[in-house]
Amino acid sequence: MTVLAIADHRRGDLRDVSYELVSAGRQLADATGGDLHVAVISGDVDEFGEKLNLDGVDAVHTVANGEEFNHDVYAGAVEALYAEVEPAVLLMPNSVNGLDYAPAVANALDLPLVSDAVDFSYDGGLTATREMYGSKVETTVDVDAERVAVTIRGGEWPATAGTGDAEISAFDYEPDGELGSRVLGFEEVAGGDVDITDADVLVSVGRGIEEEENLELVEELADALGATLSSSRPIVDAGWLPPNRQVGQSGKVVTPDIYLAVGISGAVQHVAGMKGSDTIIAINTDPNAPIFDIADYGIVGDLFEVVPELIEQFN
Amino acid sequence: MKILVTVKEVAEVEDDFEIDGLGIDEAYLEYDLNEWDDYAVEEAVQIAEAGDDVEVVSVTIGPERSEETIRMALAKGADRAIRVWDDAFEDVQLLDVAAKTRLLAAVVEQEQPDLVLTGVQAADDGFGATGVSVADEVGFEWAAVVNELDLDAEGGVANVRRELEGGVEELTEVDLPAVLTIQTGINDPRYASLRGIRQAQRKEIAPMGLDDLGLDASALDSPIELTGMREPESESDATLFEGDAGETAAQLAEVLREKGVGAQ
């Protein structure tokens, strides 16, 4: 069974999920004794192609077309590659760019789509593990089809390293007619005066704070600890803190000595931005909150009771 | 112009819950408008308020209970609503992306909107794929994970920012008609006013079955079957401090001091 995995890159660098896709693809190819093909589209495909010649990769297809991601180019190129390689499983990343082309490709190729898979197995057919209800439950889905499109969640498979002996070849693809979307550029989110990636100690606040006026309590804690204040996404969405304070997949990736998560449940998108912290401490009322799975220390309790006591300890 | 907004009633799960077979026991579920869709509704209503002659139509796939949710969209300013449902749905175990695409694409074909707004994903099944899939099916352009929208209807384009990972935004121009999947934070969704809620009672919610959409029960067929549901095993090896707030805070303070926190 042939597996075709599509790499992800941005602004000249292959993204981590590309190396993880190789592990996931190899896992499936091994289960069926098949080949793993990897494709990279746009950008410096010669350099990317060399880097994707990883342990376990049988073939690398490079598609030179433009510098950066454009979903019309990606969708068209993946569909053309699919026709050429005829894979049983088409693997794509559940990244922001994956979200922007994988569903269109699956629909155009009439493939069932299993998105955001965190694990899978193959025994005559694909069984994928997915999460539902904001990671509160884990589900398995069986796919009764000979061919399937799957997007994988970043960070769930190890990154593959080690050079392989893949055949690297250029694949010619030119889109038909004019593109319906044009990428005009990139911008970093507002920097502001604070760089949370520099902080040794972060006090990070989440949805558990409930009201904007309660933010003062956590600010007071940050002051008492000599820490910098950061937050999870809902606080920034609500406009209570500026975007440069946001930790997570769509915010900043931080690696402080101490990360104190206050009223943060630990959604996967948040964890992606802070799991590299040396010491993680969580204060949350829900003992089953995923943040406790990665915490080193925790208090299962009401932040409105614990935080004032903690401030007291340092004043 | 006409804007079609897809909304979904999603189940929210309480902190403590029980799994019953392949679902969560009803007693632990609360139903609400999907968070991402709330932002999509707000974006559509703001466009309508800023321009003349803009109609906002909201569409949902759901049983009668979901009328409560779609009335929220009407109360916030949508002009009318469509609810897609059919007896055939009762037997469907999992409405996958392809099935939802067939249903919503049929609505798009009938309504012929200039713009379709959807949430990036639904908080329950989290496929994050329906909007872009529908765009492909109806031959519209699209953009996923949009956190800023500047519509130039006369110029026939939407200028959007897509929120990439790592605090980077992509600036993209998309031809209309288009489907845009809306990210939270793009705006500040309003609360439905009492007046809006009263007005919503008088607005139309048109029921549509498979026949009305020119489809039959095969449109619901899916090769994807839900086969298991469980609570994820906790991998926690955290040291949990025990006691009342004062005691736990004191223990945590000790750890923090050992690590040099608070030393001025």
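**Contacts, interface and pocket**

Analyst: Leaving out its neighbours within four places in sequence, B:T227 is in contact, meaning heavy atoms within 4.5 Å, with A:T140, A:V141, A:D142 and B:L22. This is a predicted model, in which local features need pLDDT of at least 70 and side-chain atom pairs count only at pLDDT 80 or more, while totals for chains, interfaces and linings use all residues. Residues are numbered from 1 along each chain as its sequence is written, chains are lettered from A and ligands numbered from 1 in the order in which they are written, and side-chain values use heavy atoms, with hydrogens and water left out.

User: Where does B:T227 lie, and is it buried, exposed or partly exposed?

Analyst: B:T227 lies in strand β14 of chain B, residues 224–230, where helices (H or I, at least four residues) and strands (E, at least two) are DSSP runs numbered from the N terminus. B:T227 is partly exposed, with a relative accessible area of 34%; buried means under 20%, exposed over 50% and partly exposed in between, with a 1.4 Å probe and protein chains only.

User: OK, how many residues are in contact between chain B and chain A, and what area is buried there?

Analyst: On the chain B side 82 residues are in contact with 78 residues of chain A. The area buried between the two chains is about 7,000 Å², of which carbon and sulfur atoms give 54%; buried area here is the accessible area (1.4 Å probe) that two parts lose on being put together, summed over both. In chain B, the residues that lose the most area to chain A are B:W142, B:E165 and B:R230, together 9% of what that side buries.

User: How many salt bridges are there between chain B and chain A, and which residue does B:E165 pair with?

Analyst: Between chain B and chain A the count is ten salt bridges, a salt bridge being a side-chain nitrogen of Lys or Arg within 4 Å of a carboxyl oxygen of Asp or Glu. The side chain of B:E165 meets that of A:R10 in one, at 2.5 Å from N to O.

User: And over all chains, what does the count come to?

Analyst: Over all chains the count comes to 32 salt bridges. Among them is the one where the side chains of B:E173 and A:R182 meet, at 2.7 Å from N to O. That pair crosses between chains, from strand β11 of chain B, which holds B:E173, to strand β13 of chain A (residues 181–188), which holds A:R182. B:E173 is partly exposed at 22% relative accessible area, and A:R182 is partly exposed at 27%.

User: Which residue does B:E111 pair with, and where do the two lie?

Analyst: B:E111 forms a salt bridge with B:K2, at 2.7 Å from N to O. The pair links distant parts of the chain, 109 residues apart, with B:E111 in helix α3 and B:K2 in strand β1 (residues 2–7), both of chain B. B:E111 is buried, and so is B:K2.

User: What about B:E170, which residue does it bridge to?

Analyst: B:E170 forms a salt bridge with B:R162, and their closest N and O atoms are 2.9 Å apart. B:E170 counts as buried because its relative accessibility is 3%, and B:R162 counts as buried because its value is 1%. Elsewhere, salt bridges that share partners join A:D8, A:R10, A:R15 and B:E165 into one network.

User: Changing topic to the backbone, which residues does the cis peptide bond in chain B join, and what is phi of A:Y133?

Analyst: The cis peptide bond joins B:L176 and B:P177, with omega about -5°, and B:P177 lies in the loop between β11 (168–175) and β12 (178–182) of chain B. Phi of A:Y133 is near 50°, a positive value in a residue other than glycine. A:Y133 is found in the loop between β9 (126–132) and β10 (137–143) of chain A, and it is buried, with a relative accessible area of 16%.

User: Last one, how much space lies in the second largest pocket?

Analyst: About 1,200 Å³ of space lies in the second largest pocket. On a 1 Å grid over the protein atoms alone, where a 1.4 Å probe is used, a pocket is an open set of points with protein on both sides within 12 Å along at least five of seven lines, and lining residues have an atom within 4 Å of a point. Grid points are joined across faces, edges and corners, and a volume is the space filled by probe spheres set on the points. The lining has 45 residues, of which B:K8, B:E9, B:L95, B:D124 and B:D125 lie nearest the centre of the pocket.
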